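Work through the following exercises with the sequence and the coordinates open. Each task is followed by a solution in steps.

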Amino acid sequence: MPQQLIKDRTVVDDRWTLLRDVTSEPIPPGPIIVSLPVWKARRDELAARGDVGVWLAAADDPAELAADTATLPLIAVDFPQFTDGRGYSIGRLLRERYGFAGELRAIGDVQRDQLYYLAQCGFNAFAIRADHSAGDALAGLAAFSDGYQLTNARTPWFRRRAEPGATDVR
Amino acid sequence: MLFYRSVMYRYDSFDQRLVDERVAQYRDQTRRYLAGDLTEDDFRPLRLQNGLYIQKYAPMLRISIPYGLLSTLQLRTLARIGRKYDRSYGHFTTRQNIQFNWPKLEDVPDILAELAAVEMHAIQTSGNCIRNITSDHFAGVAGDEVADPRPYSELVRQWAALHPEFAYLPRKFKIAITAATTDRTALLVHDIGLQIVRNDAGEIGFRVIVGGGMGRTPIIGHVIREFLPRAEILNYLDAILRVYNRYGRRDNKYKARVKILVKDRTPEVFARDVEEEWSHQRGGPATVPDEEIERLAAHFPAPSYDVLAGDDPTYKSELADNRAFSNWAKRNVHSHKVAGYAIVTLSLKKTGVPPGDVTSDQMDAIADLADHYSFGELRVSHEQNLIFADVRQADLFALWTELKALGVATPNIGLLTNIVCCPGGDFCSLANAKSIPIAEAIQRRFDDLDYLHDIGELDLNISGCMNACGHHHVGHIGILGVDKNGAEWYQVSIGGSQGNDAALGKVIGPSFAAHQMPDVISRLIDTYIDNRHEDEAFVDTVHRIGIEPFKERVYAAAAH
């Protein structure tokens, strides 16, 4: 079964190939996502292609891509288990500190019940775990209508609550 | 029923909607689990973050009581939930929460909906996330406060609730807040302790303590910042949590708490990492405007106190006339910042009742009393007792009479029989040993009230396992259940203390069988009585003469 992808709140076909291998020698043509070690070793060659994205492991430092965020079309962050929350901080750092505006994709153990929080942390694409339906998982993006905190997607509620029509506070 | 102006945080439509959406989300997750669409492994972290454990005999549901504050409407709801879904009682915990030990997994969404209707929830009461914020159970009424901590506790509660970045931390994360000069929150044994202080300019801020904790590796927290301006609190918390979320160990759950990260990096390096992270967020959108703090503060007005001249003369004569009443007042009544008022602690430590347990009928009766005597509000203390924060001195005798009838007037606050105790092996699947029967055996041994009062201030804490839910490390006497070849044994430590001069107890030696425990405690007390100076508390004697004399006496006798 092909990987099911949600991108920008829609189920789409995934045109990218994920190269999990961290040392791969021949890199196939076409849109491809390589590991950070591969990217670092062959950066000039791969950057010239324009169809190469990079995936970060949970322990990787997103600062290593600081110089590439303006040009990379896609960055993926791996969640080895959905309970490993390091990727949430990586997502926010990529968006907010390193200015990445391209596709930010969650890969690995990505399920419906994590999508709302992931989206708040800057992710706009979700490779849903193969045994779940991406169509069903879409509902997870709408689990909450809002929240208190500053996130990548909103300012804190206390900054907005005084705005006209913000809420029918009783 | 009497109605008062609210003196605690009330939800607005925004708060209510989030809690309602959480109930709907969990209802759907439960449905998918029962339908087989979510595996046990995938469902477990989700149910934990909604307070549901699967325990030894049944599920256990832990309900959040933010910084220990409860309205009588909420307490009556808990009573009703106890009757409808459980066995008509609940257990107050050392994190100021309440647990029900026998709900059905299928019923939990309905229970959460009933809680939401009275502005309560079970969000993040378990799991590897930011847990219930705890605070001083005398908040707003103690005389030793720099400021009222409740608006700050609510601010931090809102920040912690459903925080998208920090739902899947390496391990659980506990935050306590106090504004008092006498710490009543065990601040120094929390992942983060926030002490509200004023700087030389008179501005309010936080002294930030990180990396304390109990459990397998007990550590006293380190101050990483002496003064953080209050407006920066959420930026700084985000920075601490981000450092922890990224770098805390995830390979070994016993080394995953932030205390281990702080220890491994050293507090200095950890502080530097946090400050670096904070430098990116400082002054940003999460900086808290004064108006927001004022808005939250307006939720906690002083109740409509009567203007009273000073100490009530009738109360004074009742104290002189009735020894039982004066014994109770001495232990269970604390002074109030408003003239003519008092703070009353209801003891949930009656001999023969598991510490912290309250029946549904008692909850209803206590709610009636709180409506009548204390403005319809009460608090849960981390010592698992209940507090009426605003009682007129003139009403104390009548209240005492009613509390006695309810079995919650045992005059033992601060004394040996006010045992802090986890549910232990009777309920908890993590426990190595039972803790409740040990508490009861010790309470039975020390049932002579005069003797108990003569022994004086003594915190006795019991945990059924290393997770230290009974806070045994900071008990003046701490008891830890251990497993030896499948049998239940008990390790004893002495000299621990909570509060401003928090210390970790020292283990006195090899562990004991359950039946030895009352004798062991007796010998510790005898050693203290023989060695104490006038007005010297047990823990001070231990610190002065060391553990050796205690150890010798206990083990010399055990050898016979």
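## Salt bridges and the interface

Over all chains, the count comes to 60 salt bridges, a salt bridge being a side-chain nitrogen of Lys or Arg within 4 Å of a carboxyl oxygen of Asp or Glu. The model is predicted, so local features need pLDDT of at least 70 and side-chain atom pairs count only at pLDDT 80 or more, while totals for chains, interfaces and linings use all residues. Residues are numbered from 1 along each chain as its sequence is written, chains are lettered from A and ligands numbered from 1 in the order in which they are written, and side-chain values use heavy atoms, with hydrogens and water left out.

**Exercise 1.** Describe the overall build of chain B.

Step 1. Assign secondary structure: chain B has 18 helices and 21 strands, where helices (H or I, at least four residues) and strands (E, at least two) are DSSP runs numbered from the N terminus.

Step 2. Compare the radius of gyration, taken over C-alpha atoms, with the globule rule, 2.2 Å times the number of residues to the power 0.38. Chain B gives 23 Å, close to the 24 Å of the rule for 560 residues, so chain B is as compact as a globular protein of that length.

Step 3. Take the box along the principal axes: the C-alpha atoms of chain B fill roughly 60 × 60 × 55 Å.

Step 4. Classify accessibility with a 1.4 Å probe on protein chains only: buried is under 20% relative accessible area, exposed over 50%, partly exposed in between. Of the 560 residues in chain B, 64% are buried.

Step 5. Sort the contacts (heavy atoms within 4.5 Å) in chain B. Among those with a separation of 6 or more, 68% join residues 24 or more positions apart.

**Exercise 2.** Characterise the interface of chain B and chain A.

Step 1. Count residues: 50 of chain B are in contact with 41 of chain A.

Step 2. Compute the buried area, the accessible area (1.4 Å probe) that two parts lose on being put together, summed over both. The two chains bury about 4000 Å² between them, 53% of it on carbon and sulfur atoms.

Step 3. Count salt bridges between the chains: there are 8. One pairs the side chains of A:Asp61 and B:Arg246 at 3.2 Å, N to O.

Step 4. Find which helices of chain B supply at least two residues each to the side that touches chain A: among them are helix 1 (13–34), helix 6 (233–247) and helix 8 (267–281). Helix 1 gives the most, with 11 residues.

**Exercise 3.** Which residues are linked with A:Arg92 in a network of salt bridges?

Step 1. List the members: A:Arg92, A:Glu96, A:Arg97, B:Glu165, B:Arg242 and B:Glu277.

Step 2. Start within chain A. A:Glu96 and A:Arg92 meet at 2.9 Å, N to O. These two are 4 residues apart in helix 3 (residues 86–97) of chain A, and are therefore separated by about one helical turn. A:Glu96 is partly exposed at 40% relative accessibility, whereas A:Arg92 is buried at 4%.

Step 3. Cross to chain B. The side chains of A:Arg97 and B:Glu277 form a salt bridge at 2.6 Å, N to O. A:Arg97 lies in helix 3 of chain A and B:Glu277 in helix 8 of chain B, so this pair joins two chains. A:Arg97 is partly exposed at 24% relative accessibility, and B:Glu277 is buried at 5%.
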